[in-house]
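Please open the model in your viewer and keep the selection panel at hand.

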Amino acid sequence: MIIVEWLLLLFLIVCAVAVSISKNLLNSVIIFMSYSLVMAVIWVLLRSPDLAITEAAVGAGVTSVLFFLALRKIGRMGHKDKEEK
Amino acid sequence: MNEELRRIWQQFYDWVVGNGPRPENEVVPEEPPPDLPFAQKPKDKYSRFHEATLKERYNQWLEIHGLHLFSVLYSGLSVLTCLVIVSLLLATVAELPPFGDERNPAHNEVIRRYVEHGGHETGAQNIVAGLILDYRAFDTFGESAVLFTAAVSVLMLLGASRRNSLKDDPSPHSDGEGWDFLNRGPPALRHHVFRQDDAILRGVATLSIPVIIMMGCVVVINGHLSPGGGFSGGAILSTALILAANAYGFERVHSFFNERTFIVSSSTALMIYALSKGYSFFTGANHIHSIIPKGTVGDILSGGLILPLNICVGLIVAGTLYGFYALFSEGDM
């Protein structure tokens, strides 16, 4: 079990670095989403399920949706917007 | 000696002011080109050869090298700041007491009281819910009020601009006179950027929305029995609303959840919260017996005020988060 925890923590660090390095903003938001999801699993392993539920709902759900909305507003959602312009 | 010093000082002063003696081997430019901007024209204030003053030389040097120097300084300083902050934080973490140690300062009589007497004092099986909605209910009230205030201010800001634009350009369906609070223009006038008929999205939404809503209700209603509570359950409910708005269009959600519903439900929830918690604080502070039953620990109808308070917080959070999405996406709710 301790190996799983270490793997998850390593994944967190990799995600955190990848979010800031990634050139594509859409990729950044998706990586951030997976970061929140893994963080929720870690909260469960740390025996705080309340935080896990909130992290999964708010971190992986609502904030990512708001980020996608912001990306759509500034027209950086992907190639679809470029074709329209 | 004194004369010598004075002469050196005079030379230094002339050099600083730009009034120095003409060098022997200097080639004198005859006439400055006439199209030079005013600031770069050499001044002939003094009869002697005009050297650039220290300030002018500094400005010239800054024009040539300034940006490069700034970028080098900026990156260097930012790396330095990051290193300092990281080392400070790591040093602080190294000084922290070990995680979960029983001699930690956090393990005092307060937490012992919560763990030992929390069950029968609040009637909640989930001790976190007992903490945030009974012992610390006033803080949770403040948080809900902050969320509600934020949503209402965004609504006012975005709604005001929309209201003005509609007043200037009355649509054919609205009477153009005043503002109808319930019907803000026909739905066809709203601009939809990506409202295609997406069969996959609709199918997945039809399957998953009932499950998500049920999950949210379970998390809210079982807040005093199992992990979760008003805030997380409300967030889950709001994601169901956002998914519905994306799959079926905002009009469908608008038909049962619009600005008026949001305002009414959230203010009612806040009011119920304030009144019920105010009653419980009043009775508790004055040692009057409260009429609210605690119930048996573990039942669905237990925990005194925690269940209704959870439902109130869930309503506010669900409405607010969906409202943020709808307002920022459509400029309207």
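## A tour by selection

Select chain A to begin: in this predicted model, chain A has four helices and zero strands, so that reading along its sequence gives the pattern α-α-α-α. Of the 85 residues of chain A, 19% count as buried, and among its contacts with a separation of 6 or more, 42% join residues 24 or more positions apart.

Next, show both chains and select the contact, which takes eleven residues from chain A and 17 residues from chain B. On the chain A side, these residues divide into eight nonpolar, two polar and one charged.

Now select the largest nonpolar core, which has 53 residues, with B:Ala235, B:Leu241, B:Leu309, B:Cys312, B:Ile316, B:Val317 and B:Leu321 having the most contacts inside it. Helix 3 (49-73) of chain A supplies at least two residues of this core, as do several helices of chain B, including helix 5 (137-168) and helix 9 (259-285); the largest share, 15 residues, comes from helix 10 of chain B.

Centre the view on B:Ile316, which, leaving aside residues up to four places away in sequence, touches B:Ser144, B:Leu147, B:Phe148, B:Gly234, B:Ser266, B:Ala269 and B:Leu270.

Finally, select helix 9 of chain B, whose 27 residues reach 38 Å from the first C-alpha to the last, close to the 39 Å expected at 1.5 Å a residue. Its buried residues are B:Phe262, B:Ser266, B:Ala269, B:Leu270 and B:Tyr273. Just after this helix, B:His287 takes a positive phi of about 55°.

Key
Residues are numbered from 1 along each chain as its sequence is written. Chains are lettered from A and ligands numbered from 1 in the order in which they are written. This is a predicted model: local features need pLDDT of at least 70, side-chain atom pairs count only at pLDDT 80 or more; totals for chains, interfaces and linings use all residues. A nonpolar core is a set of buried Ala, Val, Leu, Ile, Met, Phe, Trp, Tyr and Cys residues joined through C-beta atoms within 7 Å. A residue is buried if 20 or more other C-beta atoms lie within 10 Å of its own, exposed if 12 or fewer, and partly exposed in between; C-beta atoms are placed from the backbone. Two residues are in contact if their C-beta atoms, placed from the backbone, lie within 7 Å. Ala, Val, Leu, Ile, Met, Phe, Trp, Tyr, Cys and Pro count as nonpolar, Asp, Glu, Lys and Arg as charged, and the others, Gly among them, as polar. The expected span of a helix is 1.5 Å times one less than its number of residues.
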